[in-house]
Amino acid sequence: SDATHFEEAQRRLGLLLGFQAGNSSENGAPDPWWILGDGKCIVFEDHSGAKGAEHQELDAKKARQVAMHPNWIRDRNLVDASCNIAPVLITPMSKAEFAAQSHLSEFYCWPLSDFRRWAMDAVSTIRRIRTDFLDAGDLVWKAQAATVLEEAGLTPDQIFKTATARSGKDVLG
């Protein structure tokens, strides 16, 4: 399905960016997660396959599901207890039904079109860096790559900040 392809591409993007990334088909599991290091983890709920979703409202069940994803990550000991786990909903929706309103401040929202654009930019930046790569011990390349990643907003801290820039309430409230 399109949703399955989206999730796999998102998991692989996390790996490409240098993170530990996973996905699970377990019932109630989140969609991909990226462990960024430095005590940060992004856990996604992808709502990318919803048809005509921009005209629908996010329901309470989906809102609750996103809000609970950090518990799923913690229950499986995928990160240590002090890790900052950010639940992020990727969706084309711009509204939530009344019953979902109480959960909107418990997760972040990354509009689907924004995420797709960001992902394309991230991949093209990584490709650009890789074309100059010669040798793992090349300190000049490492320094240049670090600068390019920082300028593109692709350091772990910058990615975490981008993913958590807007709460569910900001986007769907």
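This report describes the strands, helices and aromatic side chains of a predicted model.

## Basis of the description

The model is predicted: local features need pLDDT of at least 70 and side-chain atom pairs count only at pLDDT 80 or more, whereas totals for chains, interfaces and linings use all residues. Residues are numbered from 1 along each chain as its sequence is written, and side-chain values use heavy atoms, with hydrogens and water left out.

## The sheet

Five strands make up an open sheet of mixed pairing, in the order β1-β2-β3-β4-β5. The edges are taken by β1 (20-22) and β5 (108-111), each of which has a single partner strand, so one side of each lacks a neighbour in the sheet. From one strand to the next the twist averages 25 degrees. Helices (H or I, at least four residues) and strands (E, at least two) are DSSP runs, numbered from the N terminus; two strands pair if DSSP finds at least two bridges between them.

Strand β2 (residues 33-37) is joined to β3 (residues 40-46) by four bridges, and the two run antiparallel. Within this pairing, Ile-35 stands opposite Cys-41, and Trp-33 has Val-43 as its bridge partner. The two strands form a hairpin with two residues between them, and Asp-38 in the turn has a positive phi of about 50 degrees. Strand β2 also pairs with β1, in the antiparallel sense over three bridges; there Ile-35 is the bridge partner of Gln-20. Four of the five residues of β2 are buried, a term that means under 20% relative accessible area, with exposed over 50% and partly exposed in between (1.4 Å probe, protein chains only).

## Aromatic side chains

The structure holds 10 aromatic pairs. Rings of Phe, Tyr and Trp (its six-membered ring) pair if their centres lie within 6.5 Å; planes under 30 degrees apart count as stacked, over 60 as edge-to-face and the rest as tilted. The ring centres of Phe-19 and Trp-34 are 5.9 Å apart and their planes stand at 35 degrees, so this pair is tilted. Phe-19 belongs to the loop between α1 (2-16) and β1, while Trp-34 lies in β2, 15 residues apart. Both Phe-19 and Trp-34 are buried.

Trp-110 and Phe-115 form an edge-to-face pair, with 4.9 Å between centres and 90 degrees between planes. Trp-110 counts as buried at 3% relative accessibility, and Phe-115 counts as buried at 3%. One aromatic cluster contains Phe-6, Phe-19, Trp-34, Phe-44, Trp-110, Phe-115 and Trp-118.

## Surroundings of His-69

His-69 is located in helix α2 (residues 60-75) and, at 1% relative accessibility, counts as buried. Its side chain makes a polar contact of 2.6 Å with that of Glu-45. A polar contact is a pair of N or O atoms within 3.5 Å; within protein, one must be able to donate a hydrogen and the other to accept it, and residues adjacent in sequence count only if both atoms are side-chain atoms. Beyond its neighbours within four places in sequence, His-69 is in contact (heavy atoms within 4.5 Å) with residues including Gly-28, Pro-30, Val-43 and Phe-44.

## Helix α4

Helix α4 (residues 139-151) has 13 residues and reaches 18 Å from its first C-alpha to its last, close to the 18 Å expected at 1.5 Å a residue; the expected span is 1.5 Å times one less than the number of residues. At the start of α4, a side-chain oxygen of Asp-138 comes to within 3.1 Å of the backbone nitrogen of Val-140. Just after α4, Gly-153 adopts a positive phi of about 75 degrees.

Notes
Axes fitted to C-alpha atoms, helices over the stretch in contact; angles between N-to-C directions.
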